[in-house]
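Subject: A structure for you to look at

Hi there,

Here is the structure I promised to pass on. Have a look at it first, and then read my notes on its salt bridges below.

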Amino acid sequence: RSGTGRSMSVADRSVIHIADGSSVPGWTGGASIRCLARGETTGGAFTLLELTSPPGTGSPPHVHHHDDEALFILEGTYTIDEWDTGEVLTASTGDYVFLPRGTRHAFRNAGLTTARLLALTTPAGLDGFFEEVAAAPEHAREIAEKYGLEFPSQPRNLES
């Protein structure tokens, strides 16, 4: 395992197993989060998160400046709002959504029951954001800057 953030060589590679309930929880503004794969265990390649969202909860509009994000819906229904164009996708169990870096977006559980998704970000790093914000949620915007995240407050741009 590599805990230094450097790339892993073939000799460094080992199987990683995260038992159910053993990962570090974090903050997501209403949803619960489990970090399944951290940058230190993937050689900096990716972060894998599981989000469990009660009805109506989700993320505020945000932009990843350093990483791409892929969502896989495990159960339930989410709306994914591509904030600048106004396009709203509805993704349900088994659906996949790719959000390239630089895309201002938000998502929320649109159903009446708890929903779950996997979020994969590449390269790794988002795990650190959630852990730091869990410890100091009042500093979320400052911590976000450190991880290349932005929570824009400007209104939606719907002009074409």
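A salt bridge here is a side-chain nitrogen of Lys or Arg within 4 Å of a carboxyl oxygen of Asp or Glu. The structure holds 9 of them. Please keep in mind that this is a predicted model, where local features need pLDDT of at least 70 and side-chain atom pairs count only at pLDDT 80 or more, while totals for chains, interfaces and linings use all residues. Residues are numbered from 1 along each chain as its sequence is written, and side-chain values use heavy atoms, leaving out hydrogens and water.

One of the salt bridges pairs Glu-50 with Arg-34, at 2.7 Å from N to O. Glu-50 sits in strand S3 (residues 47-53) and Arg-34 in strand S2 (residues 32-37), so this pair ties together parts that are 16 residues apart in sequence. Strands (E, at least two residues) and helices (H or I, at least four) are DSSP runs, numbered from the N terminus.

Buried means under 20% relative accessible area, exposed over 50%, and partly exposed in between (1.4 Å probe, protein chains only). Glu-50 is buried at 9%, and Arg-34 is partly exposed at 21%.

Now find Arg-38. Its salt bridge with Glu-40 has the closest N and O atoms 3.6 Å apart, and Glu-40 is partly exposed at 38%. Arg-38 also meets Asp-127 in a salt bridge (3.9 Å, N to O). Asp-127 belongs to helix H1 (residues 126-135) and Arg-38 to the loop between S2 and S3, so the pair links parts 89 residues apart in sequence. Asp-127 is buried, at 7% relative accessibility.

Finally, shared partners join the salt bridges of Arg-34, Glu-50, Glu-75 and Arg-116 into one network.

Best wishes
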